[in-house]
Amino acid sequence: HYELTKLLLPVVRRHPNVHVLFCGGRNESVNRRVEKLIESAGVRSRFHIPGVIPRYAVPWLLKHVHCAVIASAAETFGHAYVEPMMAGVPVLGTRTGAGEYTLQDYEITSPMSFLRQIEFLLHHKHECHKIGKTCRELAMSVFAMDKVAEAHLRLYKSMAQDLYMT
């Protein structure tokens with residue numbers, strides 16, 4: 001969060017309507033460094049650091065954000081990618097975990113690419129909405145409950161078939 005905060009400070013300063021919400025993260029020393037940084041930059045009121053979001057609150061939260069950023073080197077299953085996509089929220093992220101398969105256009109490859117993408121989304125709200133719609137369609141085609149259940153069923157059938165064939 002600290003490096004991401006340093007990167008986002010100029011964007012937050014240039015765009016008074018931008019707020020940043022950092023979810024998750026339990027590293028208190030990093031959170032204190034982030035708090036100090038945003039305090040000294042005079043943008044404390046525009047950064048929100050609630051910590052871990054309770055699962056029941058995630059759908060509400062996703063209805064109120066315009067973009068999700070997953071800048072991670074170690075995302076596991078990919079809820080952080082798939083949940084915003086299912087909600088129609090554009091995702092900027094690194095190709096780790098499920099991001100390898102879900103990210104189409106907005107992969108973070110460098111700090112500069114990330115800033116260009118953020119600026120694009122800020123200046124093209126209509127495109128942002130279209131990207132979110134495409135994200136939702138992709139996520140629903142692969143990660144909807146019925147699709148996941150079908151994939152599990154195919155896997156279990158093939159495993160059972162392999163067992164009985166040997």
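Contact here means heavy atoms within 4.5 Å, and buried means under 20% relative accessible area, exposed over 50% (1.4 Å probe, protein chains only). The model is predicted, so that local features need pLDDT of at least 70 and side-chain atom pairs count only at pLDDT 80 or more, while totals for chains, interfaces and linings use all residues. Residues are numbered from 1 along each chain as its sequence is written, and side-chain values use heavy atoms, with hydrogens and water left out.

**Exercise 1.** Determine which residues of α2 are buried, and what covers them.

*Solution.* Start with the buried residues of helix α2 (DSSP run of H or I, at least four residues), which are Asn31, Val34, Leu37 and Ile38. Seen down the axis of α2, the directions from the axis to their C-beta atoms fall within an arc of 125°, so these residues line one face of the helix. Next, the cover of this face includes α1 (2-14), β1 and β2. Finally, Arg32, Lys36, Glu39 and Ser40 are exposed on the other side of α2.

**Exercise 2.** Identify the elements against which the buried residues of α7 pack.

*Solution.* The buried residues of α7 are Cys128, Ile131, Gly132, Cys135 and Ala139. They pack against α4 (79-86), β4 (91-93) and α6 (111-123), whereas the face turned away carries the exposed His126, His129 and Lys133.

Methods. Helix = DSSP H or I, 4+ residues; strand = E, 2+ residues; numbered from the N terminus.
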